[in-house]
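User: I'd like to learn how to read a few features of a protein model. Could you walk me through them, starting with the spaces inside?

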Amino acid sequence: MSLSYQSTRGGEAGVTASQAILKGLADDGGLFMPTTIPALDVPVERLAGMTYQETAYEVMKLFLTDFTEEELKGCIEKAYDSKFDTEEIAPLAKADGAYFLELYHGSTIAFKDMALSILPHLMTTAAKKNHVDQEIVILTATSGDTGKAAMAGFADVPGTRIIVFYPKDGVSKVQELQMRTQKGENTSVVAIHGNFDDAQTGVKKIFADKDLAADLADHGFQFSSANSINIGRLVPQIVYYVYAYAKLFENGEIEKDETINVTVPTGNFGNILAAYFAKRMGLPIKTLICASNDNKVLYDFFTTGTYDRKREFILTNSPSMDILISSNLERLIYLSAGCDASVSAALMRELSENGSYTVTDEMRRFMEDFVGGYADQKQNADTIRRIFKDTGYLVDTHTGVAAAVYYDYANRTGDTAKTVIASTASPFKFSRSVMEAVQGADETGAMDEFAVVDALSSLSGVPVPQAVEEIRTAPVRHNLECDVDRMKDTVKGILKI
C-alpha cells in the first residue's frame, strides 16, 4: 500500500517518500508528514530474533513505500555495516535501574549516525528514482553532532555537496575538531558568529529564498536537508526503539506486551518524536519523558501549553541540546491539531512573528503521553558522578540530563515501569565535561583536550574511540567563518554562483 506525505502547513500533498526525502523541507516552510502512521505488522516474537538490519527493513518499508525491497535493503546494508563498532549496532546496557540504549557506536560516536549513515543512500536512490540530474546541495545547521555525522555520510558521494553551519563557541572541542578536519572534496564547514538557533533560522531562510533556488537551478544545483526536519532522518530513528523493545523481550527483561517508558535528552525534538511514532505504530510505550537542560523551552511547553523562545540562550555542558526553537515539535503540533495544517501554520507564524504560541486544552490532552523534565548543569554532573561511582558505567553529559530527569520523574511519580534511556553520545565526545563531573574541575583545568581524553580512558577502563583517535593528529581543513547575515552569500561563494 502506498503512503504519501503532506506539509504540516498545508502547501503540499500527495508527495512520495522519495520526493519528501529529496526536498527535505516543503515549499511552504512546513515539514513533511505521512498521511497516516502505519501499524507495525511483525509480532514481537519475530522481531526478537531479528538483526538490527532486518528490524530496520520491517519498520522503514512501511514509511518508504515507493522504494523497492531491493533498493531499501541495499540502503540498509550499506548504512549499518563495519562503520559501527558493534554488530548489534545499538546495544542495550542495563545499569542503575534503567536500560541505556547506546546510540553512539557509529563512525562519529553520536546518535546522529543512526540516521545519517543511511540518509545519503536514501537520497541518492531517491534522486535516481525521480530522474534528478542536478547536483544535490545538502545544507545543514548543527548544534554539534548532525554536522559531522552528515559530512561523514555524504563525503565524496557522487552528485552531492554538503555545507554545514555551526555556532563558533557553541560546540565541544572534539565536536569542532571532528567537523574542521573532515575529509571530502564536496564538504564545507562554516562557523557562524551566533548560536544554533541563528544557524537553524538562517538555513531555513535560505531554503525559503525562491530567487536563490532559481539561481541554483540555473547553475545545476538543488538544495536538500540532512537536519532532523528531513523525513529521511526521522524514519530511521524509529527503528532503534523497536529494536530495543524486541531485545528487552528476547533477553527476558520484559513480558510480551509489557509497557515501558522512554526517556530522551531533547533539543530539536526529533529523537523523542521517533519514539512517539514507534508508540503510534503499536509499540507498548506508556510515557515519553522529554528531558531538557537549562534551555528548558520544551519542559515549559509541556508544563504550561505555551511555547516561548523569548528567553536567555544558555551555553551548557550538553551543547547539542542548547536549542530554543525545536523544529520537530511542529510535527507533534500538527498531529495534535487533528492534522489541520491551517492550525499548525498559524502557530508557526505566531512563533516566527511573536516568539511564542499557546496550544488549546484539547491539543494538550492529545500530548498527555509526554512528560517534560529538566536538569541543570549541577544535577547533570551529580548524576554522571553517582552512576559512575555506584555502577562503573559512564555516560556523557546529554545522557546525564536524561538520567537525572528520569530518576526525578520515577521518585516523584512512583512509576516503576521499566525504562529505556536514549544514550546519545560517547562520553569521549564531551570528555572534559564528563571528567569534571566525575573528578572535579581542578583535576582537568590545565590539561589539553587529548590529555583529558586519555585520563578519561584510564579512569573508566574504556578504550579511546577511533573517531577521537583519528582527529588527534588530523590536519584542519576548514577555516571559514561568517556573520549570521552573511550565510546566504557564504553559500553562494562556496558554490561559486
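Analyst: Gladly. One definition to begin with: Ala, Val, Leu, Ile, Met, Phe, Trp, Tyr, Cys and Pro count as nonpolar, Asp, Glu, Lys and Arg as charged, and the others, Gly among them, as polar. Keep in mind, too, that this is a predicted model.

User: Which classes of residue make up the lining of the second largest cavity?

Analyst: That lining has three nonpolar, five polar and one charged residues. The residues are Ala141, Gln200, Val203, Lys204, Asn227, Ser228, Ile229, Asn268 and Ser327, around a volume of about 60 Å³. Helix H9 (residues 196-208) gives the most to this lining, with three residues.

User: How many cavities of 30 Å³ or more does the structure hold, and how much space lies in the largest cavity?

Analyst: The general idea is that rolling a probe the size of a water molecule over the atoms shows where empty space is left. Here the structure holds three cavities of 30 Å³ or more, and the largest cavity has about 260 Å³ of space. It is lined by 25 residues, of which Phe111, Lys112, Gly267, Asn268 and Ser320 are the closest to its centre. Helix H11 (231-250) and helix H12 are the elements that give two or more residues to this lining. By class, the lining of the largest cavity has eight nonpolar, 14 polar and three charged residues.

User: Is helix H12 largely enclosed or exposed?

Analyst: Helix H12 (residues 270-280) is largely enclosed by the rest of the structure, because nine of its eleven residues are buried. Among them are Ile272, Leu273, Tyr276 and Phe277. Just after H12, glycine 282 takes a positive phi of about 120°.

User: And aspartate 211: buried or exposed?

Analyst: Aspartate 211 sits in helix H10 (residues 210-218). Its relative accessibility is 66%, so it counts as exposed.

User: Let's turn to the sheet. What is the order of the strands in the open sheet?

Analyst: In general, strands of a sheet pair through backbone hydrogen bonds, either parallel or antiparallel. This open sheet of five strands has the order E8-E5-E6-E7-E15, with parallel pairing. Strand E8 (221-224) and strand E15 (480-483) are at the edges with a single partner strand each, so one side of each has no neighbour in the sheet. From one strand to the next, the twist averages 25°.

Note on methods:
Residues numbered from 1 in each chain as written. Predicted model: local features only at pLDDT ≥ 70, side-chain atom pairs only at ≥ 80, totals over all residues. Heavy atoms only, no water. Pairing = 2+ DSSP bridges. Helix = DSSP H or I, 4+ residues; strand = E, 2+ residues; numbered from the N terminus. Axes fitted to C-alpha atoms, helices over the stretch in contact; angles between N-to-C directions. Buried < 20%, exposed > 50% of the residue type's maximum accessible area, 1.4 Å probe, protein only. 1 Å grid on protein atoms, 1.4 Å probe; cavity = no way out; pocket = protein on both sides within 12 Å on 5 of 7 lines; lining within 4 Å. Points joined across faces, edges and corners; volume = space filled by probe spheres on them.
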